[in-house]
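Please look at the structure shown here and follow its strands and helices step by step.

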Amino acid sequence: MPPEKLKILMLEDSETDAEIIHRVLKKELQAFEFKLVTNKEAYLIALDEYHPDLILSDNSLPQFSAIEALIILQQRLLFIPFIIVSGAISEEFAVDIIKHGADDYILKDRLTRLPVAIKEVMAKRETNHRLYETLETLQKANKELEQFSFISSHDLQEPLRTISSFSELLLKEYKQKLDGNGEMYLNFIQKSVERMQILVKGLLDYSRIGKEIKISEADCNQIANDVIVDLGAAIAECNAHIQIQQLPVLHGNPTELRQLFQNLLSNAIKYRAKDTIPEIIITAEEQTKHWLFGVHDNGIGIEDKNQEKIFIIFKRLNNRNEYEGTGIGLSHCKKIVEFHGGKIWVESKLKEGSIFYFTILKQ
Ligand code: ADP
């Protein structure tokens with residue numbers, strides 16, 4: 001909300017100039033208050049006690065200057081609009097004051113421009129302020145959501161462990177007293193608990209991404225090759241051919257990048273087409289600001305309408321009996337990529353295969 005009565009603080013050592021400026025403003029501005037200060041001490045007191053909405057300042061006063069006044073605002077984290085009103089100034093000085101955070105400057109022999117400049121600066125600040133507030137609300141909501149998923153997944157582990165161990169005990173110690181149905185029901189409970197434990201662990205890992213912001217040199221060739229070693233059994237089982245092109249060494253979090261490659265590669269193997277040997281290629285291409293990676297497969301493919309949905313947590317397209325999974329892997333990938341200043345998407349044709357593209361910001 002714009003202030004009802006604009007409180008203007010004027011830093012000016014010439015009373016005559018201050019009087020002229022005051023008159024110009026009176027003619028053009030609706031509602032405002034005006035306070036004149038002529039030196040640093042009075043300026044500091046006014047910041048504490050007057051709480052101005054706008055500061056107009058001459059560029060140099062005895063033992064004080066507009067730049068020093070701007071620096072004080074920055075040190076105190078005060079984002080008060082600041083306009084220099086001065087005699088002739090050089091181009092270098094104009095650049096310097098804008099660099100120091102001044103919003104505009106007006107020459108004293110062009111004072112008629114001052115009211116317009118004030119209106120423009122205040123409108124711009126108002127828009128920025130609203131944007132800033134929206135961003136702050138969003139960040140807060142996001143943080144709360146992350147905290148919620150961290151705490152809930154963390155706290156859910158304990159009761160799950162209790163259900164799991166007591167149903168195990170029941171099965172072990174009361175087996176004779178249970179009839180066939182009783183045993184079957186308990187087995188169902190155990191299976192569901194196991195699945196819930198996997199989901200909760202996935203959720204917990206998901207909410208942890210980005211918490212440890214350790215960036216270092218990460219060799220993607222090394223990472224991809226390590227992942228291939230880890231996935232050795234799954235690769236051997238289906239005879240998958242995996243080709244890795246020359247990948248970059250970049251700045252990122254190696255643990256998270258490894259998780260990213262692992263999720264995409266294991267999906268490329270898991271979602272293979274029936275009776276087809278998986279052919280998987282990892283590519284990388286240098287772009288202006290990013291590295292563009294691609295994980296290409298010849299698997300079952302994904303319909304157009306589902307290509308965005310699969311990045312939502314717990315979203316799965318296939319039956320659990322057909323393909324094991326939790327629906328967390330790709331949402332994990334999305335979070336990791338976004339943490340590295342990039343984007344992830346898929347291009348795919350049903351029954352032909354998919355290419356998962358992602359970008360990572362270059363430093
Ligand atoms: P999960 O594999 O545990 O189900 P993901 O989040 O990794 O979870 O994947 C979400 C869904 O996206 C999968 O259930 C699957 O339907 C689809 N999907 C992921 N990768 C591929 C792929 N390479 N080919 C075809 N479908 C895929």
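The model is predicted.

Begin with the sheet that contains strand E1. Five strands make up this open sheet, and their order is E2-E1-E3-E6-E7. The pairing is parallel. Strand E2, residues 32-37, and strand E7, residues 104-107, are the edge strands, and each of them pairs on one side only. From one strand to the next, the twist averages 20°.

Strand E6 covers residues 82-86, and four bridges join E6 to E7. E6 and E7 run parallel. Within this pair, Ile84 is found opposite Tyr105 of E7.

Helix H1, residues 15-28, lies across E1 (6-11), E2, E3 (54-57) and E6. The direction of H1 is at about 170° to E2. Helix H3, residues 66-75, lies across E1, E3 and E6, and H3 runs at about 170° to E6.

Now turn to the other sheet. This open sheet is also formed by five strands, in the order E9-E11-E12-E14-E13, but here the pairing is mixed. The twist from one strand to the next averages 15°.

How many bridges join E9 to E11? There are four, and E9 runs parallel to E11, which spans residues 279-286.

Note on methods: Residues numbered from 1 in each chain as written. Predicted model: local features only at pLDDT ≥ 70, side-chain atom pairs only at ≥ 80, totals over all residues. Heavy atoms only, no water. Pairing = 2+ DSSP bridges. Helix = DSSP H or I, 4+ residues; strand = E, 2+ residues; numbered from the N terminus. Axes fitted to C-alpha atoms, helices over the stretch in contact; angles between N-to-C directions. Contact = heavy atoms within 4.5 Å.
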